[in-house]
2 protein chains.
Amino acid sequence: MTHRPKITIKDVAREAGCGVATASRVLNKSGPASAEVRGRVEKAVRDLGFSFSAIGRALQSSRSMTVGCLVPSLANPVFAEAVQGVQEALAGTGYQLLISCSNYDGTADNDAIAMLMAKEIDGLIVTMVAPERSAALKMARQRGIPVSLMFHDPIDGFATAHVDNFEAAREVARRFGDLGHRRTAFLALRFATSDRSRNRYAGFHAECRARGLPTPALIELSETEANTPELLFDILASLSGLTAVFASNDFLAIAVQRAARLGGWRVPDDLSVVGFDGIGIGRLLDVPLATIETAPEALGQQAAQTLFDLMQGGMPVQRPPLPFTFRVGATLAHPRTEGRDDDQVAPWPPSVHSLDYDLKQG
Amino acid sequence: MTHRPKITIKDVAREAGCGVATASRVLNKSGPASAEVRGRVEKAVRDLGFSFSAIGRALQSSRSMTVGCLVPSLANPVFAEAVQGVQEALAGTGYQLLISCSNYDGTADNDAIAMLMAKEIDGLIVTMVAPERSAALKMARQRGIPVSLMFHDPIDGFATAHVDNFEAAREVARRFGDLGHRRTAFLALRFATSDRSRNRYAGFHAECRARGLPTPALIELSETEANTPELLFDILASLSGLTAVFASNDFLAIAVQRAARLGGWRVPDDLSVVGFDGIGIGRLLDVPLATIETAPEALGQQAAQTLFDLMQGGMPVQRPPLPFTFRVGATLAHPRTEGRDDDQVAPWPPSVHSLDYDLKQG
DNA sequence: CGTAGGTTTGGAAACGTTTCCACCATGGCG
DNA sequence: CGCCATGGTGGAAACGTTTCCAAACCTACG
């Protein structure tokens with residue numbers, strides 16, 4: 001508990017009987033030094049237990065050797081894994097990771113970026129609510145701070161590590177269509193604040209339309225609805241003729257599955273369910289989840305790699321989207337009552353809870 | 001892309017026509033200033049878009065307003081959630097979070113702490129392989145850096161936020177015993193590097209012994225074994241008479257469940273399975289997982305709270321363990337062939353893969 | 001009108017580094 | 001023997017902030 005006074009390079013120099021400049025040169029191997037003084041300095045370092053102050057260094061060199069990372073939440077394993085990927089890419093490079101979570105709040109994430117910038121981070125890896133109109137992000141660019149996005153679709157002038165949400169969602173629509181599903185729904189938890197969700201719906205919608213299928217119902221759920229099977233089932237049941245659901249993430253897909261089952265529907269016989277993300281646990285379920293499989297960790301690694309390039313002085317170069325694969329699970333099958341066509345009877349779509357969102361046009 | 005030169009408080013002072021000391025006082029409200037000059041300074045700040053450099057501040061005040069956090073991996077949602085909890089507790093306090101992952105490597109985690117200390121963190125929140133014999137942790141204490149542990153059981157002189165692994169595991173043994181299970185096994189993934197796992201086995205073992213039950217088999221699995229249902233089933237099948245498995249975490253429990261099912265056993269009729277952690281998804285399974293429910297996020301919050309107290313200058317005070325609850329799922333039931341007693345026929349325990357570990361004595 | 005007491009103010013030192021530059025040997029070469 | 005390169009060395013400035021301290025200014029009272 002004895003607060004030993006901090007040991008600085010000055011102490012080392014004094015102990016070694018040399019000037020601080022010399023000590024600095026020895027320790028950084030950044031200039032000439034006689035073998036003798038080198039030895040004395042190294043001994044002094046060991047004796048005193050000296051280690052550099054990153055702060056002093058940062059102040060002088062104006063490079064903090066720190067990158068900032070902002071994600072909505074670490075409670076969502078998709079983001080947690082992405083950060084893990086960033087971390088892996090950073091390990092051994094001397095860079096450290098400063099982390100911040102916005103909790104899906106579009107004001108908090110701007111503030112967080114400002115905080116990170118005050119810490120003089122050398123680069124920024126970001127997933128936020130609305131990057132395209134974030135003042136803080138614009139500020140970062142003005143100040144010449146390299147920025148690398150994660151999960152977002154490409155935006156003017158920013159490089160992003162992403163999967164093509166639009167295309168992936170089209171693939172889901174294709175699978176549904178090929179199996180003969182007509183009446184489908186897209187369920188999302190935070191549609192309004194997630195460009196990912198919006199692009200997924202857009203792709204899903206576009207492909208349905210291209211195939212002449214009814215417009216898929218768009219349903220934005222509250223946390224409560226998603227977590228209460230009874231409520232969730234009521235919502236599903238209200239969509240007459242529904243045979244297939246595309247959930248915006250795997251947790252939601254599992255919740256849907258469970259709600260359907262509790263309501264007496266069998267999956268996939270009475271309802272097909274497809275998720276998004278490909279979280280590992282989906283595979284282990286008794287009825288393995290059909291889903292779009294992505295690799296959040298690889299995404300984080302790519303974002304970090306892009307950031308490195310930027311920090312080396314490169315221009316932002318947009319890499320192609322990371323691949324996704326359709327994981328064939330057991331939650332997807334032909335609709336039970338195939339061929340029935342009651343499109344006229346109950347008008348479709350009944351867009352529950354739906355709002356006017358800008359949908360990217362395919 | 002124009003690298004605007006950084007704006008410092010000097011620029012603000014010049015623009016406002018005052019000294020830097022005055023500008024500093026105005027911006028920090030740390031001393032007197034006339035209304036007039038206050039106005040000029042504030043205008044200058046707006047015009048120039050000034051914001052403080054945390055580095056300059058840190059250097060001068062020797063407080064970096066940063067806390068370091070080391071966990072094994074963010075890919076494990078238990079740790080990710082704990083970090084999320086830390087993050088939440090930190091939000092709004094002005095502290096930022098510097099993160100590092102050891103990937104369960106006992107050398108890497110020491111190095112990581114050294115790196116964090118070089119960054120002059122004001123406090124440390126840590127989950128590591130062997131805190132009781134970590135040189136870096138000892139160093140941190142010598143330097144007077146407040147340290148708060150997470151997940152670990154109490155260690156001399158460090159405060160820790162934890163659940164009582166030993167007690168929780170005893171509870172599992174009690175449930176097994178009450179239902180009439182005799183031959184049980186404990187499955188773990190990283191027994192050697194996890195004091196949590198070891199304490200869980202110890203508690204499980206102690207209660208089994210106290211009830212006169214056979215010693216539970218201790219099985220340390222490799223990643224491959226855990227992820228390959230066939231291999232896993234072979235291991236389970238090799239334990240003749242086994243009726244109940246306690247898995248060291250929920251993912252493992254789900255894997256066991258799946259392996260058992262693929263091998264033709266029904267859960268819970270032929271095999272009862274109980275997990276640990278209480279990850280949210282366990283609830284959503286068709287057969288909800290019986291498990292020890294803990295709250296990693298609360299754990300992270302408590303660790304952060306303890307760290308705050310320490311940073312205020314308090315003594316390390318060990319709080320009581322956070323509560324756990326036994327979540328009654330559908331994976332636990334009476335053994336099918338109750339009352340059979342072939343303890344003599346096949347000697348028990350057949351401790352596959354088991355090693356000599358120090359077990360805490362209850 | 002002088003001075004004590006208060007309020008504002010700004011210069012300068014300090015925090016821990018790195019790096020520029022000047023200085024001093026030393027040794028080789030003309 | 002003198003000159004210049006060369007290698008080793010250390011003083012000092014700079015990075016952005018806060019804070020100590022002294023100076024300057026104002027007010028009010030005797």
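Predicted model: local features only at pLDDT ≥ 70, side-chain atom pairs only at ≥ 80, totals over all residues.
Chain A is superposed on chain B by a rotation of 180° with a shift of 0.1 Å along the rotation axis, the RMSD being 0.1 Å. This is the relation of a two-fold axis. Within chain A, the C-alpha atom nearest the axis belongs to Leu98(A), at 2.2 Å from it. Of the interface residues of chain A, 100% are also interface residues in chain B, so the copies meet through the same surface.

Around DNA strand C there are 29 residues, of which Gly56(A), Gln60(A), Cys18(B), Gly19(B) and Ala21(B) come nearest. Two or more residues of this surface are given by each of helix 1 (9-16), helix 2 (20-28) and helix 4 (54-61) of chain A, and by each of helix 2 (20-28) and helix 4 (54-61) of chain B. By residue class, the surface near DNA strand C comprises 12 nonpolar, 13 polar and four charged residues.

Helix 14 of chain B covers residues 296-311; at 1.5 Å a residue, its 16 residues should span 22 Å, and the end C-alpha atoms are 22 Å apart, in agreement with that expectation. Buried positions in this helix include Pro296(B), Leu299(B), Gly300(B), Ala303(B), Ala304(B), Leu307(B) and Leu310(B), and also Glu297(B), Gln301(B), Gln302(B) and Thr306(B). The buried residues of helix 14 are covered by elements of chain B including helix 5 (77-90) and strands 1 (66-71), 3 (123-126), 4 (147-150) and 5 (159-161). Gly313(B), which follows helix 14 of chain B, has a positive phi, near 105°.

Definitions and conventions:
Residues numbered from 1 in each chain as written. Chains lettered and ligands numbered in written order. Least-squares fit on C-alpha atoms with pLDDT ≥ 70 in both. Contact = placed C-beta atoms within 7 Å. Near = placed C-beta within 6 Å. Helix = DSSP H or I, 4+ residues; strand = E, 2+ residues; numbered from the N terminus. Nonpolar A, V, L, I, M, F, W, Y, C, P; charged D, E, K, R; others polar. Expected span 1.5 Å × (residues − 1). Buried ≥ 20, exposed ≤ 12 C-beta atoms within 10 Å, placed from the backbone.
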